Amino acid sequence: MGISRSSRHKRSETGAQRAHYRKKRKFELGRQPASTKLGPKRVHTVRVRGGNLKYRALRLEGGNFAWASEHTTRKTRIISVVYNASNNELVRTNTLVKGAIIQVDATPFRQWYEAHYAQPVTKKGKTVAPTETAEPVKRSHHVQRNLDEKRKDAKIDPLLESQFAAGRLYAFIASRPGQSGRADGYILEGKELEFYLRKLRTGKQKHAHA
C-alpha cells in the first residue's frame with residue numbers, strides 16, 4: 001500500500017466511518033521520510049508534481065547559521081542533536097529535522113567576533129598574557145575610533161559566553177532538510193535559549209532517575 005495524505009480513511013467528526021467511493025489518487029501521495037543523518041553530505045533529487053525538484057538530504061554535516069543579535073551568518077559544522085520536542089528517538093539517532101535543537105561548532109562565530117571587535121569573546125581569553133615576540137597591532141586613529149564605538153555594544157550573554165568557552169553553541173534548525181536539502185538555522189539566545197536549557201536539564205534528570 002502506498003503512503004497517502006488523504007483523510008478519506010479517517011472517521012468523520014461525529015465518529016461515522018466514511019464510505020469508500022474512490023481509490024487513492026496520485027495527487028494524494030506521500031513519500032518515505034528522509035530521516036536526514038549526520039555525516040558526509042549526500043543529497044538526492046526527487047521529481048515532484050509540476051516537474052519541480054525537491055532535494056532530499058540523506059546526510060548532512062554542516063549548514064548556515066545566523067547569529068541574530070550580531071547580524072551575522074556563518075557556515076559551520078553540526079556536532080550533534082541534543083533535543084527534539086517531538087521524539088527522543090530522533091535525538092538518539094542524530095536525525096536532522098526542522099525544529100531540532102543541535103550543537104554547532106563555535107569557531108567561525110568566535111573568529112568573526114574577534115576580528116570584528118578586536119577583543120576575545122570570553123573573559124578567559126583576556127587573561128592570557130601576550131607573548132614577548134608578538135608585536136602590538138598598529139591601527140590608525142580612524143580604525144581605533146571605529147573599534148571603540150563598536151566595543152560599546154560588544155556585550156555577550158553569559159550563557160553564550162560559557163558555550164563559546166566550551167567551543168559549542170546551541171542552535172535551532174529552521175530549514176527542512178528533507179525538502180530543501182539544507183540544514184540552516186539560527187543560534188539560540190535570550191529567553192529561547194533559557195527555555196531549551198531548562199528542557200535539556202529536566203530531560204537529564206528524568207533519565208538519571210529512570
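Leaving out residues up to four places away in sequence, Ile-187 touches Phe-65, Ala-66, Trp-67, Val-104, Phe-109, Leu-160, Leu-169, Tyr-170 and Ala-171. The model in which these contacts are found is a predicted one. Together with Trp-67 and Ile-102, Ile-187 touches the most other members of the largest nonpolar core, a set of 25 residues. Two or more residues of this core come from each of β3, β4 (62–67), β5 (72–83), β6 (101–105), α2 (107–117), α5 (158–166) and β7 (168–173). Helix α2 gives the largest share, four residues. A second core, of nine residues, is separate and includes Phe-172, Leu-188, Tyr-196 and Leu-197. In soluble globular proteins, nonpolar side chains tend to be buried together.

Helix α2 also holds Pro-108. With a relative accessible area of 17%, Pro-108 counts as buried because the cut-off for that class is under 20%. Apart from neighbours within four places in sequence, Pro-108 is in contact with Arg-74, Lys-75 and Thr-76. The C-alpha atoms of Pro-108 and Thr-73 lie 9.4 Å apart, although the two residues are separated by 35 residues in sequence.

Glu-114 is partly exposed at a relative accessible area of 29%, and Arg-110 is partly exposed at 31%.

The structure holds five salt bridges. One of them joins the side chains of Glu-28 and Arg-22, with an N to O distance of 2.6 Å. Here Glu-28 is buried, at 9% relative accessible area, whereas Arg-22 is partly exposed, at 29%. A network of salt bridges links Arg-22 and Glu-28 with Arg-8. In another salt bridge, the side chains of Arg-182 and Asp-184 meet at 2.8 Å, N to O. Arg-182 is partly exposed, with 42% relative accessibility, while Asp-184 is buried, with 17%.

Between β2 and β3 (residues 53–60), the pairing is antiparallel and extends over six bridges. Arg-42 has Arg-59 in β3 as its bridge partner.

How values were computed: Residues numbered from 1 in each chain as written. Predicted model: local features only at pLDDT ≥ 70, side-chain atom pairs only at ≥ 80, totals over all residues. Heavy atoms only, no water. Pairing = 2+ DSSP bridges. Core = buried A, V, L, I, M, F, W, Y, C linked by side-chain atoms within 4.5 Å. Buried < 20%, exposed > 50% of the residue type's maximum accessible area, 1.4 Å probe, protein only. Contact = heavy atoms within 4.5 Å. Salt bridge = Lys/Arg side-chain N within 4 Å of Asp/Glu carboxyl O.
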